[in-house]
Amino acid sequence: MVAEVRPGPGLPATPLREAAPALATAAELIVQTVGALSRRSPSIVAAAAEELGSLVIGLHFDDGSEARLRAQHDGLVAESGPGEATVQCLFSEASLQRIFDLEQKPADVIGLGELDARGSAEGVVAAWRTFQILSQRAAGLRYVQGLWNRYRRDRGLDGARAAPPATSSPWPRPGIPDAAALLRGDARALARTASVASTRVLWDGKGGAGWWTLPGPRDADLNEVLEACRRRTADEIAAFIGPGEPRATLYDLMRDYPSRGGKGLRPTLCMATCAAFGGEPEDAVRISAAVEMFHNAFLIHDDIEDESESRRGDPCMHVAHGVGLAVNAGDGLNLMAVDAVLSNIDRLGLARTLALMHETIRMCRETIEGQAIELGWIRNHEVPPADEDYFHMVTKKTGWYTCISPCRLGAIAAGHTRSRELDLVGDVFHKVGIAFQIQDDMLNLVGEEALYGKESLGDLLEGKRTVMLIHLMRSLAGKERGEVAEWLTLPRTGKTFAEARWLLGLMEREGSLDYGRKVSADFARLGTRLFAESLEFLPESESKAILRQVAHYVTTRDL
């Protein structure tokens, strides 16, 4: 039996200001909408991508613009311009408004002749199920409404209702649209098109109701919550460390890495799990701060062990201040983190605080053991032969303190200390943690350095044993494999960026990067499936929705 859980209050939301992109055409509107959903509500695009499958939709608009929509792993990619597609769709201005306003189902809009779709019966049905998910679950989100409102204003449609139904097909050829003929002639196809949950009307032409007021899937703006939780935790860390002496050689250094920012993933998981299990988000703030201090202490020491040069856009601490002061600052952060865990007694009581301490000790032990496994491979010039060796190592090294323990600690902060409940949430985010780390490894290889926060190709120079490197070594043979193996034995100072780019080229040639993306997506899918099955006992709430979003977020970060 799983104890009854009542959802706690919602998490704080701090709106983020983003540069307003140009929305001169309908195609740009669709591209910007899909991009915003991918960043902010990835579980929506994951659901739509599942319906879309291998189809590519060619989008044509009556302003002359064109775009393509396709699935990529668990996400959607929208690109402006023409291209090959398996289903072709043409939208009139009126049809765009009707679908977004949720006045009618996409199938009904097709029947009115306001838009056209051409392709196989299965392809047309899948395309409209994709649009139905997007319109049902995205239209009520504030940032999506902002994009579409701006588009309406730019096109002079602000406050206007959709035009009356067209009397003829919008396609530049006469006759009944293929999709309309399909729906009129096959009742089973119509039923399949309408098989998604019933339409939820959120828009009244001027404003929209919040998603939280309606039944069904609850979707949230992950970016806003990540930023709010990150800021709240950063304030707690700053207050906890406080002023002290020696300032220049200790306390300023202890504040350095935490002040460089970050994604806010761990605090968000911790606070969201706490609220999802019925606690107050504030109950998890102090333990979130402790996890972040442990994390930054690990980073300081990890940078020394890996001979890294930059962290979050600035020189590593040992580069700027020397190894001795960096080690000492890391030790100081670890000490402060332990103090932060124990300080929960005043708010949460002795029993929960002792449970938090026990979980924290396990988190640190798992992390240290995982680091030892990886350092041992590098020292002994070993590349493990199987992916499972990598999964085991990264689960211990980063999975526990990045995903598993933040969730378990959040549940404990809410008062749920039974091992069954902790294991259920831990198992889900064990899979998510592996997906997250593979994607993190990928970002170091092909991502923008400003987004990743560490020097590009640094993992290759440091000899990190990633799933992509393991795949490459399995794929190579003979002299080439020997050359790579010999290069990996060199110290960091004996390697060059040109040689790292050579190794990256081999990975691209052998399909190692695509392999890594696939493995990451497979683990993310497994995690999201377990989320639905294992955490069904948690009532739907904003906080549970955030946990669901994070499970999809790990493989949709910008590359």
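In the predicted model described here, the side chains of E236 and R232 meet in a salt bridge at 3.2 Å, N to O, where a salt bridge denotes a side-chain nitrogen of Lys or Arg within 4 Å of a carboxyl oxygen of Asp or Glu. The model is predicted, and local features accordingly need pLDDT of at least 70 and side-chain atom pairs count only at pLDDT 80 or more, whereas totals for chains, interfaces and linings use all residues. Residues are numbered from 1 along each chain as its sequence is written, and side-chain values use heavy atoms, with hydrogens and water left out.

Both E236 and R232 belong to helix α9 (residues 222-241), where they are 4 residues apart, about one turn of the helix; helices (H or I, at least four residues) and strands (E, at least two) are DSSP runs numbered from the N terminus. E236 counts as buried at 12% relative accessibility, while R232, at 27%, counts as partly exposed, the classes being buried under 20% relative accessible area, exposed over 50% and partly exposed in between, with a 1.4 Å probe and protein chains only. E236 also meets the side chain of R286 in a salt bridge of 2.6 Å, N to O. This second pair links distant parts of the chain, since R286 lies in helix α12 (residues 285-306) and E236 in helix α9, 50 residues apart. R286 has a relative accessibility of 24% and therefore counts as partly exposed.

A further salt bridge is formed by the side chains of R492 and E309 (3.7 Å, N to O). Here again distant parts of the chain are linked, with R492 placed in the loop between α22 (478-488) and α23 (497-510) and E309 in the loop between α12 and β6 (310-311), 183 residues apart. R492 is buried, with a relative accessible area of 9%, whereas E309, with 45%, is partly exposed. Through salt bridges that share partners, D306, E309, E462, K464 and R492 are joined into one network. The structure as a whole holds 34 salt bridges.

For the overall architecture, the secondary structure of the chain comes to 25 helices and 7 strands. Of the 559 residues of the chain, 57% count as buried. Among contacts in the chain with a separation of 6 or more, 77% are accounted for by residues 24 or more positions apart, a contact being defined by heavy atoms within 4.5 Å.

In soluble globular proteins, nonpolar side chains tend to be buried together. In the present model, the largest nonpolar core has 105 residues, of which M293, F429 and L460 touch the most other members; such a core is a set of buried Ala, Val, Leu, Ile, Met, Phe, Trp, Tyr and Cys residues joined through side-chain atoms within 4.5 Å. When its neighbours within four places in sequence are left aside, M293 is in contact with I237, F240, I241, L333, M336, A337 and A340. A second, separate core comprises 41 residues, including A26, I30, L76 and Y151.

Helix packing was examined for α14 (residues 323-342) and α16 (residues 350-379), which pack at an angle of about 150° with their axes 9 Å apart; the axes are lines fitted to C-alpha atoms, for helices over the stretch in contact, and angles run from 0 to 180 degrees between N-to-C directions. The helix α14 is therefore roughly antiparallel to α16, given that angles under 35 degrees count as roughly parallel, over 145 as roughly antiparallel, 65 to 115 as roughly perpendicular and the rest as oblique. V338, V341 and L342 of α14 make the contact with T353, L356, M357 and T360 of α16. These contact residues divide into 5 nonpolar, 2 polar and no charged, where Ala, Val, Leu, Ile, Met, Phe, Trp, Tyr, Cys and Pro count as nonpolar, Asp, Glu, Lys and Arg as charged, and the others, Gly among them, as polar.

Several features of the backbone complete the description. Most residues other than glycine have a negative phi, and most peptide bonds are trans. A cis peptide bond, with omega about 5°, joins E245 and P246, and P246 is placed in the loop between α9 and α10 (247-259). E307, although not a glycine, has a positive phi of about 60°; its place is in the loop between α12 and β6, and at 40% relative accessibility E307 counts as partly exposed. H381, likewise not a glycine, has a positive phi of about 55° and lies in the loop between α16 and α17 (387-413), where its relative accessibility of 46% counts as partly exposed.
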